[in-house]
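Please have a look at the structure first.

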Amino acid sequence: MTQQIRIGLFGTGRIGQVHAMSLATIDEATLAWICDPFIEGAKQTAAEFGGRVSADPEEVFASGEVDAVIIASPTATHVDFVEMAIDAGVPVLCEKPIDLDIDRVDALRAKAAASEVPIALGFNKRFDRHFVELKRRVAADEIGTLEQLSITSRDPGEPPASYLTESGGIFRDMTIHDLDMARYFIPEIVEVSARGANTFSENVREAGDFDSVVVTLRGSKDELVTIVNSRHCAYGYDQRIEAFGATGLLQVGNKNDTLVRHWGARAVEAIGPYQNFFLERYAEAYRLEVAEFLRAVRGLPSRSPGFEDGRAALVLANAAEQSSRTGIAVAVDLS
């Protein structure tokens, strides 16, 4: 029997709960430690999923009882916890973004590159089986040379006002997932253009952010990527990708809970609403993300995105923010 991998979980908020649930479905891993300054949250999570609790991350690393850690704590803690994991020689899966400040990320860059410790970034959409299939078929030349990529991502409803003030803005919080997906298909992005608008949310406006954005990326071979984001969507969680090439098109549409269709006097081919929550849409992807990280922990080849992918997505998000404020396309160098 394969020895179980002991996991330390930092943060017991919404995304921390997602990872705890994912770990509960994976036989080769066990939740050994749960760390959160909100100790009651840690205790509640431990009561459901097991593990010892602490408010002190140093205690977790010093215990010698974790083989890997998952960082699902607030963004401001990510850089410090990643560095602690590197120093302790413990593999780490860190939620995006690495930090809101690119200078803090770059200050850790050389150390991360020099370390043999696996560092994975939480871009879960790379593990959605439909997007993976799309990527495989593009790579298999089913549509010829990829010329245009269109990514649509609209949330069913805007986040709380308290979250908006700490999120880093829509480009670093929401669009960053789609920027990483763009690089999943077209790694070499050289230019970013973006426009933002305030069309419906006073909370977002008061936070100095946009509720709707459109981003255009240009690849090194003149490929074009369009990203459309909105903080609300009346018909559910809108998650689509379209790849257009010289000889055809491939598309991933939205998911429903049922394949049943209804025909009647008022509508034909009527279906139920799209899935309305990120966990419904990406529950499998989160499990596969953790499972792939565990391959890296075991020293096996892994396709998990790494530190450089997290840095690149933040560089692109910063460029989109700059372009949206200035109206000027921004050249980027991801090297």
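Predicted model: local features only at pLDDT ≥ 70, side-chain atom pairs only at ≥ 80, totals over all residues.

Residues are numbered from 1 along each chain as its sequence is written, and side-chain values use heavy atoms, with hydrogens and water left out.

**Helix packing**

Helices and strands are DSSP runs numbered from the N terminus (H or I, at least four residues, for helices; E, at least two, for strands). Axes are lines fitted to C-alpha atoms, for helices over the stretch in contact, and angles run from 0 to 180 degrees between N-to-C directions.

| Helix pair | Angle | Axis separation |
|---|---|---|
| α4 (residues 78-88) and α5 (residues 102-114) | about 10 degrees | 11 Å |
| α5 and α11 (residues 307-326) | about 160 degrees | 11 Å |

Helices α4 and α5 are therefore roughly parallel to each other, a label for angles under 35 degrees, with over 145 counting as roughly antiparallel, 65 to 115 as roughly perpendicular and the rest as oblique. Contact means heavy atoms within 4.5 Å. On the α4 side, Val79, Asp80, Val82, Glu83, Ile86 and Asp87 meet Arg104, Leu108, Lys111 and Ala112 of α5. By class, the contact of α4 with α5 has five nonpolar, no polar and five charged residues; here Ala, Val, Leu, Ile, Met, Phe, Trp, Tyr, Cys and Pro count as nonpolar, Asp, Glu, Lys and Arg as charged, and the others, Gly among them, as polar.

Helices α5 and α11 are therefore roughly antiparallel. From α5, Ile102, Val105, Asp106, Leu108, Arg109 and Ala112 take part, and from α11, Phe307, Glu308, Arg311, Leu314, Val315 and Asn318. The residues of this contact divide into seven nonpolar, one polar and four charged.

**A loop residue**

Ala72 sits in the loop between β4 (68-71) and α4. Ala72 is buried, with a relative accessible area of 8%; buried means under 20%, exposed over 50% and partly exposed in between (1.4 Å probe, protein chains only). Leaving aside neighbours within four places in sequence, the contacts of Ala72 include Leu9, Phe10, Ile15 and Glu95. The C-alpha atoms of Ala72 and Ile15 are separated by 6.1 Å, although the two are 57 residues apart along the chain.

**Cysteines**

How many disulfides does the structure hold? The count is zero, where a disulfide is a pair of cysteine sulfur atoms within 2.5 Å. The closest cysteine sulfur to that of Cys35 is in Cys94, 14 Å away and so too far for a bond. Cys35 is buried at 4% relative accessible area, and Cys94 is buried at 1%.
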